[in-house]
Amino acid sequence: MTRVVISDPTLRDGSHAIRHQLTTAQISSYCAAAEESGMPIVEVGHGNGIGASSLQLGESLLSDREMLQTARGKLLNSKLGIHIIPGFATIKRDLSMAIDCGVDVIRVGCHATEADITCRHISYARQRGREVYGVLMMSHMAAPDKLLEESRKMESYGAEAVILMDSAGAFLPNDVKQRISLLNEGLGISVGFHAHNNLGLAIANSIAAVESGASIIDGTARGFGAGAGNAQLEVLVAVFEKLNYSTGIDLYKVMDAAEYAEKEILEVIPFVKSTSIVSGLAGVFSGFAIHVNRVASQYGVDPRDIFFELGRRKVVAGQEDLIIEVATELAGEKDKG
Amino acid sequence: MNANLLEMIHRDCHEVTAASLPTLAPLKGECLLITGGTGFMGTWLAELIAFLNDTYNFNSKILLLSDRAYSFSAKAPHLAVRKDISLIDRDICSIVGIPSEVSLIIHAAATPDSRLHASEPLRVAQVITNGTASLLASASRLPRLKRFLNISSGLIYGPQPLDLERIEESFCGGPNCSSPSSTYAEAKRYAELLCSIYRNEYKMEIITARPFAFIGPYQLLDRPWAINNFIRDGLTGGPIRILGDRETLRSYMYPSDMAFWLLAMLLHGVPGFSYNLGNPNGVTLGQIAEKVANCCPVRPEISANLAENAKIHRSSLVPDVSLAQKTLGLKLLVDTDEAVRRTMLWNRAQVSNC
């Protein structure tokens, strides 16, 4: 039975969906439940990773240190993971602190074509003896060959795996198959996949990834995550079991963890809304949904139009300020019309 | 640098020269320019020549050219203050004139750090190609130049076929020239070609060394190579994590052997010849991890990080050094086990020195 490592970013990607307002009680209880289920990796932090809490991206209720220490207290066998994006997270202020808090797995993310910026963070984490993955976000925005080239950079910096993030939920299963196969052929390290469900394909895409050689798959409780959410964790575990892949996770217990998340953390169970679909079609980061909806209603424009215009401009996370610019222009055109 | 560390280096230099001193005799009274002089190779060459000067009155002079010359006093303060060593703080690409007293040159400027190859391929290519061109042009005008050793790379052969136990100098492989990840190797190939042209047109006595992998004192443990990471992990209590396929084959030469071989190639190599430089005895990553773990006071756990679903990427990089051994009479004095043991000792002593 081939083993697939499941990484659970419920308390990180899910943070987007509740405006980064996770409490210590939620982190503590969810981590205890995930630990109980045998979850290999539990990721914790602000939706955009450690060090990203800010006015522009949304401020976390808790400090990074509080979140990590709370999680660490409950995760004994499960590894504690973080997502960091160089630029938001600095080595001295954030990464060093996170490692001191006992983080085991560090996932260093960047835009799909910008792997160069991850060199120092990956190297530092390796020097501190931690497990490090490179994460190529918005991977639909780069051609497969480019993804391989960027992944090779991360491998050369010392990354122990490269994760392709379908941040906009824009991939179809064949897109995933093509990219994961290419990376699996061209790299000497493990390959992983992080799905979003904008087009309702998160589970199908995760299966395509594993069947093409991916060995690390992300999933969140009830699919809790930015926009339309992620691959639903408990479904992933069940499906992989059915497909004869071993996850080492207790199905009933991961279902219990998901029940807890639904009752105590989720404000709304993620589903594929119209804006999620257009976000997937336009190839815009799922995490924009909350801001787009708010701005659309403020300016009286259709959020779907905002998404398509943002997609045309090829915006990436961190460019949330462009939402207002686009809405203003659309509102202006509407007034003229 | 504490006395313990200096004593280790001194012992290594003594060991490597004890039985073969006559090989290095032509170095006496010469002035040697080393580019990349403050790097791993340059520092070891300086250590060995300084030892020869102190112990056997070689009276050789060393010029270390580097764009990081300012950092040498922190790295090797005992060398930086010596009267027989001068530092030239200059970028190799902008070199115009070389002191006329220089009679021997070892051209080692270039970083083998693969992280830099990936992030700054243009800069890497320029340092190797433009730097070599500038140096050769300047060297061709030197009145007393006797010999020039160009440090190339074992990577110029491209991927080693898995059924080939060791790569000979005549192996006609080659990296993928259209991939940015081949920058370092392709630039080194071009540098070799430039050397051949200068040898042909200017009748310069140019020899090429193609180094493989090394482990020993002065090698930084933050470099992204397996054995460095294993040692670092081992020294910090582990676990030692093997990235990729544990059957991947590498070989490691100890730096006192490396420095001796380099000088022997410079002094006795046949102009126009290229010599592999390294340890011909391959070890798998799994074996290396075991060797490192065995040298730790408390044996750390060894884990393999390659998931079962990942494609196996086995590779080999092991030189055939019989050309250097047979024609230059070179021997390997420090085997892999001993190299690992000494490197661990050095790094532990360095930590206690901090």
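Helix 9 of chain B, residues 226-235, has nine of its ten residues buried, so this helix is largely enclosed by the rest of the structure. Keep in mind that we're looking at a predicted model here. Once helix 9 of chain B is done, B:Gly237 follows, with a positive phi near 95 degrees.

Now for the place where the chains meet. Here 28 residues of chain A are in contact with 24 residues of chain B. On the chain A side, the elements that give two or more residues are strand 1 (2-3), helix 5 (119-127), helix 6 (144-157), helix 7 (173-186) and strand 8 (190-194). Helix 6 of chain A supplies the largest share, with five residues.

Next, have a look inside chain A, at a pair of helices. Packed helices are described by the angle and the distance between their axes. For helix 2 (residues 24-37) and helix 3 (residues 64-74) of chain A, the axes come within 8 Å and cross at roughly 35 degrees. That crossing is right-handed. Helix 2 of chain A brings A:Thr24, A:Ile27, A:Ser28, A:Cys31, A:Ala32 and A:Glu35 to the contact, while helix 3 of chain A answers with A:Glu66, A:Met67, A:Thr70, A:Ala71 and A:Lys74. The spacing is worth a thought: an α-helix has 3.6 residues a turn, so residues three or four places apart point the same way. Taken together, the residues of this helix 2 and helix 3 contact in chain A come out as five nonpolar, three polar and three charged.

Methods
Residues are numbered from 1 along each chain as its sequence is written. Chains are lettered from A and ligands numbered from 1 in the order in which they are written. This is a predicted model: local features need pLDDT of at least 70, side-chain atom pairs count only at pLDDT 80 or more; totals for chains, interfaces and linings use all residues. Two residues are in contact if their C-beta atoms, placed from the backbone, lie within 7 Å. Helices (H or I, at least four residues) and strands (E, at least two) are DSSP runs, numbered from the N terminus. Axes are lines fitted to C-alpha atoms, for helices over the stretch in contact, and angles run from 0 to 180 degrees between N-to-C directions. A crossing is left-handed if the near helix is turned anticlockwise from the far one by less than a right angle, and right-handed if clockwise. Ala, Val, Leu, Ile, Met, Phe, Trp, Tyr, Cys and Pro count as nonpolar, Asp, Glu, Lys and Arg as charged, and the others, Gly among them, as polar. A residue is buried if 20 or more other C-beta atoms lie within 10 Å of its own, exposed if 12 or fewer, and partly exposed in between; C-beta atoms are placed from the backbone.
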